[in-house]
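Subject: Structure for your files

Hello,

Here is the structure I said I would send. My notes follow below it.

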Amino acid sequence: MDITDITFRLYTDSDYEPVKLNLIESGQFDSIWDSKENIKDMCTLLAVYDDDIIGSISLSKYGEKTGQLLRLNVKKKNQNNGVGTKLINEGVRIAKDEMGWLEAGLLSMPYKTKFYEKRGWNNQHEFVWMNKKLN
Ligand SMILES: CC(C)(COP(=O)(O)OP(=O)(O)OC[C@H]1O[C@@H](n2cnc3c(N)ncnc32)[C@H](O)[C@@H]1OP(=O)(O)O)[C@@H](O)C(=O)NCCC(=O)NCCS
């Protein structure tokens, strides 16, 4: 696979099933958080190779000037070719240039912090993700 053969485009509703399968493969899918309705409300960028969606990243607004990048994923067979780096860089560009954010955050798995640090992200808070089912 050549990184120059990858195209990037925005998600539309009809992309839900392949995106969902990729999130499942990457161990990040949650049926509530990643429902079709929720994904529709975010800006999701797709990486496409040979008509196949091989990765994605979502941007979720927090007010007008901040937000989170989440669910970065690249299919296992396409990893280590620079696709993840391109997705996060392009996600940051959209957040800054198109959405006008002044700062972005993301939640990293502990073993993935090196990946993000190398790409200019810093850990300033010792957050631990807590969640609670509400029904
Ligand atoms: C993280 C991920 C998106 C990277 O995608 P990618 O296309 O392989 O990324 P790139 O080719 O641009 O870069 C590969 C980098 O990831 C590192 N990497 C690959 N697998 C890794 C793993 N299991 N743990 C930690 N780092 C890993 C490589 O060493 C390389 O690091 P370097 O370039 O900084 O030296 C991809 O590994 C993935 O989808 N993983 C599963 C889901 C996930 O963990 N998402 C992030 C949630 S915090």
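Which residues does Ile88 touch, leaving aside those up to four places away in sequence? They are Ile57, Leu69, Leu72 and Arg119. Please keep in mind that this is a predicted model.

Ile88 also belongs to the largest nonpolar core, which has 14 residues. Ile88 is listed there among the residues with the most contacts inside the core, together with Ala47, Ile57, Leu69, Leu72, Val83 and Leu87. Two or more core residues come from each of strand 2 (43–49), strand 3 (52–62), strand 4 and helix 3. Helix 3 gives the largest share, 4 residues. In soluble globular proteins, nonpolar side chains tend to be buried together.

Next, the ligand. It is surrounded by 17 residues, and the closest are Ser26, Val74, Gln79, Gly84 and Thr85. Strand 4 (66–74) and helix 3 (83–98) each supply at least two residues of this shell. The shell divides by class into 9 polar, 6 nonpolar and 2 charged residues.

As for the protein chain as a whole, there are 4 helices and 5 strands, in the order β-α-α-β-β-β-α-β-α along the sequence. The radius of gyration is 15 Å, which agrees with a compact globule, because a globule of 135 residues would have a value near 14 Å. Along the principal axes, the C-alpha atoms fill a box of roughly 40 × 35 × 30 Å. Of the 135 residues, 19% count as buried. Among contacts between residues at least 6 apart in sequence, 58% join residues at least 24 apart.

Regards

Key:
Residues numbered from 1 in each chain as written. Predicted model: local features only at pLDDT ≥ 70, side-chain atom pairs only at ≥ 80, totals over all residues. Near = placed C-beta within 6 Å. Nonpolar A, V, L, I, M, F, W, Y, C, P; charged D, E, K, R; others polar. Rg over C-alpha atoms; globule rule 2.2 N^0.38 Å. Buried ≥ 20, exposed ≤ 12 C-beta atoms within 10 Å, placed from the backbone. Contact = placed C-beta atoms within 7 Å. Core = buried A, V, L, I, M, F, W, Y, C linked by C-beta atoms within 7 Å.
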